[in-house]
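My notes follow, entry by entry.

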Amino acid sequence: MGSNDKPELPNVRTGVNIFLFNEKRQFLLGLRQGSHGKNTWGLPGGHIEFGETFEGLAYSDLEFLTVTNDVFTEANKHYTTNFFAAKLKGDRKDPVLMEKDKCLEWKWFAWEELEEHYKADDAAKKDERNKFQGKELFLPMLSLFRQRAGLHPLKAYEVRLRETDKWPVVGLTFK
């Protein structure tokens with residue numbers, strides 16, 4: 001208990017999710033393992049550690065898209081999740097599982113595949129809508145439909161690139 005006999009609440013953490021787009025205008029989702037959101041599909045990412053900056057992230061050609069507020073009630077965790085975007089570059093087109101304890105598989109998706117199923121109004125009203133083709137989305141992804149209705153990540157990314165005179169950009173390389 002705290003000094004006023006109030007239960008201590010968990011700290012709000014900062015999450016980072018990255019839309020990594022390929023030449024087919026698809027982005028990468030991974031089937032999460034190990035931590036909160038197990039068996040849900042989420043973007044590559046993680047969270048910011050104490051003292052770390054966005055500029056210190058391992059990726060250089062990132063463009064900020066938006067942020068969501070995500071409360072994982074069952075896990076007693078609260079995140080503000082920052083969404084960034086980048087385009088894939090290089091010869092390797094298939095992702096490699098580097099942390100098998102955190103991700104079971106990677107798969108490419110088109111935004112329209114998710115958008116068609118998760119209409120913002122329906123997703124905001126019905127948690128059971130959090131399944132498309134038998135796949136459940138990680139809460140921050142679902143929050144995009146609930147909190148940022150109408151956002152199209154690839155279109156927003158392309159607009160941002162034009163605004164910052166970075167068009168065209170080639171994006172990221174898999175390691």
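**Entry 1: overall layout**

I counted 4 helices and 10 strands in the protein chain. Helices here are DSSP runs of H or I with at least four residues, strands are runs of E with at least two, and both are numbered from the N terminus. From the N terminus on, I read the order as β-β-β-β-β-β-β-α-α-β-β-α-α-β.

A note on the source: this is a predicted model, where local features need pLDDT of at least 70, side-chain atom pairs count only at pLDDT 80 or more, and totals for chains, interfaces and linings use all residues. Residues are numbered from 1 along each chain as its sequence is written, and side-chain values use heavy atoms, with hydrogens and water left out.

I looked up burial next. Of the 175 residues of the protein chain, 39% count as buried. Buried means under 20% relative accessible area, exposed means over 50%, and partly exposed lies in between (1.4 Å probe, protein chains only). I then checked contacts, meaning heavy atoms within 4.5 Å. Among those between residues at least 6 apart in sequence, 69% join residues at least 24 apart.

**Entry 2: strand β1**

I turned to β1, residues 12–21.

Which strands pair with β1? Strands pair if DSSP finds at least two bridges between them. β6 (residues 77–89) pairs with β1 in the parallel sense, over 10 bridges. Leu-20 stands opposite Ala-86 of β6. β4 (residues 45–47) runs antiparallel to β1, and 3 bridges join them. I found Asn-17 bridged to Gly-45 in β4.

**Entry 3: the core**

I looked up the largest nonpolar core, which has 33 residues. Such a core is a set of buried Ala, Val, Leu, Ile, Met, Phe, Trp, Tyr and Cys residues joined through side-chain atoms within 4.5 Å. Phe-19, Phe-27, Leu-29, Leu-114, Leu-137, Met-141 and Tyr-157 touch the most other members. The elements that give two or more residues to this core are β1, β2 (26–32), β6, β7 (103–110), α1 (111–117), α3 (139–147) and α4 (153–163).

Leaving aside neighbours within four places in sequence, its contacts include Phe-19, Leu-43, Trp-108, Leu-114 and Met-141.

**Entry 4: aromatic rings**

How many aromatic pairs does the structure hold? I found 12. Rings of Phe, Tyr and Trp (its six-membered ring) pair if their centres lie within 6.5 Å; planes under 30 degrees apart count as stacked, over 60 as edge-to-face and the rest as tilted.

Phe-19 and Phe-27 form an edge-to-face pair, 5.0 Å centre to centre, with 75 degrees between the planes. Both residues are buried. Phe-19 also pairs edge-to-face with Trp-111, at 6.0 Å and 75 degrees. Phe-19 lies in β1 and Trp-111 in helix α1, so this pair ties together parts that are 92 residues apart in sequence. Trp-111 is buried too.

I traced the ring pairs onward. They link Phe-19, Phe-21, Phe-27, Phe-83, Trp-111, Phe-145 and Tyr-157 into a cluster.

I also noted a charge over a ring, meaning NZ of Lys or CZ of Arg within 6 Å of the ring centre and within 35 degrees of the ring normal. The charged end of Arg-32 sits over the ring of Phe-138, 3.7 Å from its centre.

I checked Glu-63, which lies in β5 (residues 63–72). Is Glu-63 buried or exposed? Glu-63 is buried, with a relative accessible area of 3%. Its side chain makes a polar contact with the side chain of Arg-160, at 3.3 Å. A polar contact is a pair of N or O atoms within 3.5 Å; within protein, one must be able to donate a hydrogen and the other to accept it, and residues adjacent in sequence count only if both atoms are side-chain atoms.

Ser-143 lies in helix α3 and is buried, at 2% relative accessible area. A polar contact of 2.5 Å joins its side chain to that of Asp-70.

**Entry 5: positive phi**

Most residues other than glycine have a negative phi. I found Arg-25 with phi near 70 degrees, in the loop between β1 and β2. Arg-25 is partly exposed, at 42% relative accessibility.
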